[in-house]
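Please have a look at it first, and then follow the points below.

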Amino acid sequence: MTLKNKFFADDLRTLLAAVAEEYDKREGEPLTVVIIGGSAAVFQFDFYTTTRDIDYMLEKPSPLFLECVKSVGERLNLQGRWMHEQSVAREKYAVGLKKVFFSGSTPLPIKSERVSFRVQGRDWYLAIKAKVFRRYRHDATDILGLLIEEKSQGRKITGADIKNFYDGIYGLVRPPHPEVINFLETLDNCPDLEKLRELYLLEEAYQKKIYVRLEFFLLCRFGNTGTIYDIMHHSRKWISEEDVRKTFEIYGAEFSDKAIKNIARRVLPFVYKLPAEKFLAESVEDLQKLQHKNFSSVEE
C-alpha cells in the first residue's frame with residue numbers, strides 16, 4: 001500500500017484485514033474490535049469520506065492485538081499512531097459503554113477466524129462528538145453533517161436527542177460542558193443547518209490556525225511537550241479570560257496580564273460571542289472580515 005495522509009473506506013478495509021490476518025496467525029483468543037470516530041463515519045455516512053487514523057475500542061485489554069497493529073504499521077511503513085486504542089475511555093466510562101458496545105454498533109464484514117469488527121453506531125458517534133467537542137477539530141461540523149444527512153432521509157435528530165445519547169453513555173461520570181449545551185440548543189432553534197455548518201467550518205479553520213500559534217508560543221516558554229499537551233487539553237474548557245488565567249496558574253506558568261489578554265482574545269472563538277440570530281444572519285464573507293479584525297486587532 002502506498003503511504004498517504006488520508007484513508008478512504010477501501011484503505012480502512014485493507015488495513016483492518018491485514019491486522020486481522022496477523023492476529024489469526026498468532027492464534028489469539030476471539031476478540032471484538034469496535035471502530036469508532038472518523039473511521040466509523042467513513043464507513044457509515046456520506047458526509048465523511050476520509051480519515052487520518054483508526055480509533056477503536058476493545059471489550060478488554062489485548063496486548064497481542066496491539067502487537068499486531070504495530071507489526072502491520074511497520075510492514076506497511078505507516079507513520080505515527082495510525083491505529084489507536086481508546087483504552088482510557090473504555091475504563092472511565094465502563095458502565096455506559098458496556099450498554100452500547102454491541103447494541104450501539106453494527107458488524108463490519110471483514111473475514112477473520114478470531115477477530116470480529118464492528119462499527120460505532122450513529123447515536124454513539126454523536127455522543128462522543130458532544131463529549132470531546134474541540135474547537136480546533138471538526139466535532140461541531142461532524143455533528144451538523146450527520147444531522148443534515150439524516151434530515152435529507154426524513155429522520156430528524158434534535159439537540160435533546162443528542163443530550164440523551166450523551167447522558168446514557170457519559171452522564172454518570174461527567175455532565176456535558178456548558179458550551180455543548182449552548183450548541184445543542186442552537187441546533188433546535190436553527191432554520192438552516194447547512195449554513196450553520198458552513199459557518200462552523202469557518203470557525204474551526206480559524207481556531208486550528210490559532211491553536212497552532214498557541215502551541216508554538218507555549219513551546220517557546222516551556223520546552224516541555226508534556227506540559228504543553230496538558231495545557232492544550234485544559235484549554236478546551238476556556239470560555240473567558242479568567243479561565244485562561246486559571247489554567248496557567250494550575251500549571252505554574254507565569255504570564256503578564258497583557259499576555260493572558262492577548263491569548264484569550266486570539267483563542268476564544270468570536271462566533272460564540274455573537275447572538276444566534278446575528279450569527280446566522282451574517283454572510284461568510286462578513287464573518288471572515290470579523291475574524292481578520294479580531295486577529296489583527298490583538299496587541300503584540
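1. T247 is buried, with a relative accessible area of 0%, where buried means under 20% relative accessible area, exposed over 50% and partly exposed in between (1.4 Å probe, protein chains only). T247 belongs to helix α12, residues 241-250.

2. A word on the basis of all this: the model is predicted, so local features need pLDDT of at least 70 and side-chain atom pairs count only at pLDDT 80 or more, while totals for chains, interfaces and linings use all residues. Residues are numbered from 1 along each chain as its sequence is written, and side-chain values use heavy atoms, with hydrogens and water left out.

3. Now the overall picture. The protein chain comes to 15 helices and five strands; these are DSSP runs numbered from the N terminus, helices being H or I of at least four residues and strands E of at least two. Of its 300 residues, 50% are buried. Among contacts between residues at least 6 apart in sequence, 71% join residues at least 24 apart.

4. The five strands form an open sheet with mixed pairing, in the order β3-β2-β1-β5-β4; two strands pair if DSSP finds at least two bridges between them. β3 (83-85) and β4 (105-108) stand at the edges with a single partner strand each, so one side of each has no neighbour in the sheet. From one strand to the next, the twist averages 35°.

5. Both kinds of pairing can be followed strand by strand. β2 (residues 54-58) and β3 run parallel and are joined by three bridges, and Y56 has E85 as its bridge partner in β3. β4 and β5 run antiparallel, with four bridges between them; T106 is partnered by V119 in β5. β4 and β5 form a hairpin, with six residues between the two strands.

6. How does α1 sit relative to helix α2, and at what angle do their axes cross? The axes of α1 (residues 9-25) and α2 (residues 37-44) come within 9 Å and cross at roughly 120°. That makes α1 oblique to α2, given that angles under 35 degrees count as roughly parallel, over 145 as roughly antiparallel, 65 to 115 as roughly perpendicular and the rest as oblique. Axes are lines fitted to C-alpha atoms, for helices over the stretch in contact, and angles run from 0 to 180 degrees between N-to-C directions.

7. On the residues of that contact, A9, L12, R13 and L16 in α1 meet S39, V42 and F43 in α2. They divide into five nonpolar, one polar and one charged; Ala, Val, Leu, Ile, Met, Phe, Trp, Tyr, Cys and Pro count as nonpolar, Asp, Glu, Lys and Arg as charged, and the others, Gly among them, as polar.

8. R122, D123, W124, L126, A127, A130 and K131 in α6 meet I162, F165, Y166 and I169 in α8. By class, this contact has eight nonpolar, no polar and three charged residues.

Terms used:
Contact means heavy atoms within 4.5 Å.
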